[in-house]
Amino acid sequence: MQFHHHGYVSGDPRVQPAAGVGIDRPAQLPDEVDVLIVGTGPAGMLTAAQLSQFPGVTTRIVERRPGRLAIGQADGIQARSVETFQAFGFAERIIAEAYRITEMAFWKPDPADHSRIVRAARAVDDPAGISEFPHLIVNQARVLDYFAEFMANSPARMSPDYGFEFRSLEVTGEGEFPVTVTLLHTAGPDEGRERIVRAKYVVGADGARSKVRDAIGCTLAGDQANHAWGVMDVLASTDFPDIRLKCAIQSGQGGSILLIPREGGHLFRMYVDLGEVAADDHGAVRKTTIEQIIAKANAILHPYTLDVRNVAWHSVYEVGHRLTDRFDDVLPAELGTRTPRVFITGDACHTHSAKAGQGMNVSMQDGFNLGWKLGHVLEGRSPESLLSTYSAERQVVAKNLIDFDKEWSTLMAKKPEEFDSPSELEDFYVSTAEFPAGFMTQYAPSMLIGEPAHQDLASGFTIGKRFKSAPVVRVCDTNPLHLGHQAKADGRWRIYVFADAAAPALGKNGAASPATDFAEWLANAPDSPLAATPSAADRDAWFDVKVIYQQDHTGIDIGTVPAVFKPEVGPFKLTYLENVYGTDPAADIFELRGIDRGGAVVVVRPDQYVANVLPLTATAELAAFFAPLLPDRLRTA
C-alpha cells in the first residue's frame, strides 16, 4: 500500500487524500452530475466505488430508502467476488467475519426406509484449487457497508444520497448533460416533492422491478415461474447433524431443502421446496406462512426436527429466468450510430433463482465492468465507443448464468426417483464448480480483448478470462506475495512484463535482452501507451507496469532494472521499487501459468480480465491494441 509518497501520514492509510470533486463535496444532491446511479444494491455500489477513484468525475448514487440496508436477501459470495473485494481492499476483513464453505453434504432418502433421510455424499467445495480465495456466506448489507466505506475514504469522498426515488428520465441528446432525470423525495422535509437532475450518464441498478429499465423501453423476457420455494433465515434448535454445513437435502416424501449456514455461528438459511405452481395459482403460493414453511422443512428433515426460535427474515418466491435484450438505451436500429447514455445492471437486466448463489456476484461484476469504462470516458482517457462494450460483454455472461441456473434449479427440484443416477446432483455440483465460482466468464475479441494469436506464450493467462494470480517474491523487500493481489481497483490498466531468461539490463555477451529492449520502447517511444499519460500526472497514473524476472530475488540487482519499472511518483519524485518481482522457488509463476521462457507481455484490464498476450518484441502490436483506447490527441497524432 502506497501512502507516504506525498509526505508522512499518521493515520488510517486506507483514507486517501481528498481530490477533485472530493474537496468540499456538496452535501446536497447537485442539479448536474456526470453519472447518476439509481439504487444502492451490489451493482450500484460497486459501480459507485469504482467511480470514486476518479476524482474528476461527479458521481452521485441515489436510493429511495432513508438509510443503509439493514438486512439483505443475498448472502452467497463466490471466490471471484472475494478476488474483487481484494482489489477494493477489504477481502481479509470480510473473510474474517463470514461463514466459509469448504464442503457440501448431500442428503437423500434412506434406501431401507424412504421416510428417513441419510447423508449420502460429501463434496469438497473447490476440489481443483480454482482460486486461492474462499467461498463465503455473508449478508449483502455488510458487503454494501464495505463498499460505502471504500467510497467514503476515496479521493471523491462519495456517499449515497438517501431518500430519492426514481420517477422518469428523458434522453434529450442536447447540451453537456443530455439526460434529464425526475426524482421524488421519499424522506426528510421535502418528502413528496419532485427533483430534477441532469446527467451525462445514468446507471439503473434499481432491481428486478427497475423503473430505469422501463424508461428506456427494455423488458425482461424468459421462462414463466413454475416452482415455488419458501426461504427463511432462522435461529433454531435442531438435532440435524449437518446444520453448519451447506447441504442439498432430498426427501423420500417429496420436496427438498438447500441449507446455507450463515455467518455468526448460529443463523442459517433454508430454501424449502413448496412444489409446482399451478397455472391458475395467481400468486396464491406467495401467501404461504412462515409456520407452513417450517412445517414443510420438518417433514423433509425427518427423522430430524427443527425447533425455530427466531425468524430473522422469510419470503416465498417462484423460480423464473428473465433476461433483457440489451443492457443500455441504444435500440437495435441505432447500433453503430450513437453511444449509450443510460445503462442497466444487476437484477434490472437478469433475474434467476437464488439457489445458485449468483445474483449478487454477477451483479457486482456488471458494476465492475461498467464503472471503469465510464471513468475512462469522462476523464478523457478513452473515446465514448468504449461504453458500447458493456452491453455486448455482460449480456452474454447473463445468458450463460441463466442457462446454468435453469439446470441447477431443475436438479434441485427433482424427486429422488427422477434422477438418471444416484449421484447426478453431486456430480453436477463438482463438475461445474468453475462456473459458480465466477471464473468461466470469457469475453470475446473486441476493442478491449485481443485475438489469441500468441496465447501459447502464456497459456495460464487465458485471453478474455480473469487474471489468475500466482506467487512471486518482491525484490525490494523480499516479501512473498500473490502477483494479482497487488492490483487495486484504481482504474489503471496493468502491463505485466514476464522477462526472458537474461538478468536485468544485460543479456548474454553484454547484449540487451528482449525485456530491456521492451522497457526502452515502453518508456520512450511516441506510440507507447505510456505516452498517453498526462505530463502533469505521475508516470504510473494510467498504466501500472510490473516486471517479473525468471531469477529468484537474490539473483536480481534492482539497480540495473530499467527505470520504467521503477517510476518516480508523488510531489517528491520518489522512486517506486515495488513493481519488480522475482520467481518464488517453491512455486515458479512461469511454470504455474505456462509462460514461455523467452518472455511475454500480459495486458490486463482495470477489471482484472486478460486483454492480450504478446511477445516482448511485439511493440507495434501492443501500440495498435491500445491506439483505439487512447485519447483522440494521440490516436490522431
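**Exercise 1. Which residue in S7 does Gly-76 stand opposite?**

Solution. The model examined here is predicted. Begin with the sheet to which the strands belong: an open sheet of 3 strands, with the order S3-S7-S4 and antiparallel pairing. Strand S3 (76-77) and strand S4 (99-101) stand at the edges, and each has a single partner strand, so one side of each lacks a neighbour in the sheet. Next, consider the contact between S3 and strand S7 (residues 135-137): 2 bridges join these antiparallel strands. Finally, the residue in S7 that stands opposite Gly-76 is Ile-137.

**Exercise 2. Determine how many disulfides the model contains, and examine Cys-218.**

Solution. The criterion is a pair of cysteine sulfur atoms within 2.5 Å. For Cys-218, the nearest cysteine sulfur belongs to Cys-349 and is 8.4 Å away. Cys-218 is therefore in no disulfide. By this criterion the count is 0 disulfides. As to accessibility, the cut-off for a buried residue is under 20% relative accessible area. Cys-218, at 2%, is therefore buried, whereas Cys-476, at 34%, counts as partly exposed.

**Exercise 3. Classify the ring pair of Trp-107 and Phe-240, and locate both residues in the chain.**

Solution. The structure holds 25 aromatic pairs. In the pair of Trp-107 and Phe-240, the ring centres are 4.8 Å apart and the planes stand at 50°, so the pair is tilted. Trp-107 lies in strand S5 (residues 103-110), while Phe-240 lies in the loop between strand S13 (227-238) and strand S14 (246-250). The two residues are 133 residues apart, and the pair thus links distant parts of the chain. Trp-107 is buried at 2% relative accessibility, and Phe-240 is buried at 2%.

**Exercise 4. Apply the analysis to Tyr-201 and Phe-343.**

Solution. The ring centres of Tyr-201 and Phe-343 lie 6.4 Å apart, and the planes are at 40°, so this pair is tilted. The pair links distant parts of the chain, with Tyr-201 in strand S11 (residues 194-204) and Phe-343 in strand S19 (residues 342-344), 142 residues apart. Tyr-201 has a relative accessible area of 1% and is buried; Phe-343, at 0%, is buried.

**Exercise 5. Identify the cluster that ring pairs form around Phe-85, and describe the placement of Arg-466.**

Solution. Ring pairs link Phe-85 into a cluster with Phe-88, Phe-90, Tyr-146, Phe-147, Phe-150 and Phe-368. Turning to Arg-466, its charged end sits over the ring of Phe-439, at 3.7 Å from the ring centre.

Notes: Residues are numbered from 1 along each chain as its sequence is written. This is a predicted model: local features need pLDDT of at least 70, side-chain atom pairs count only at pLDDT 80 or more; totals for chains, interfaces and linings use all residues. Side-chain values use heavy atoms; hydrogens and water are left out. Buried means under 20% relative accessible area, exposed over 50%, partly exposed in between (1.4 Å probe, protein chains only). Rings of Phe, Tyr and Trp (its six-membered ring) pair if their centres lie within 6.5 Å; planes under 30 degrees apart count as stacked, over 60 as edge-to-face and the rest as tilted. Helices (H or I, at least four residues) and strands (E, at least two) are DSSP runs, numbered from the N terminus. A charge sits over a ring if NZ of Lys or CZ of Arg is within 6 Å of the ring centre and within 35 degrees of the ring normal. Two strands pair if DSSP finds at least two bridges between them.
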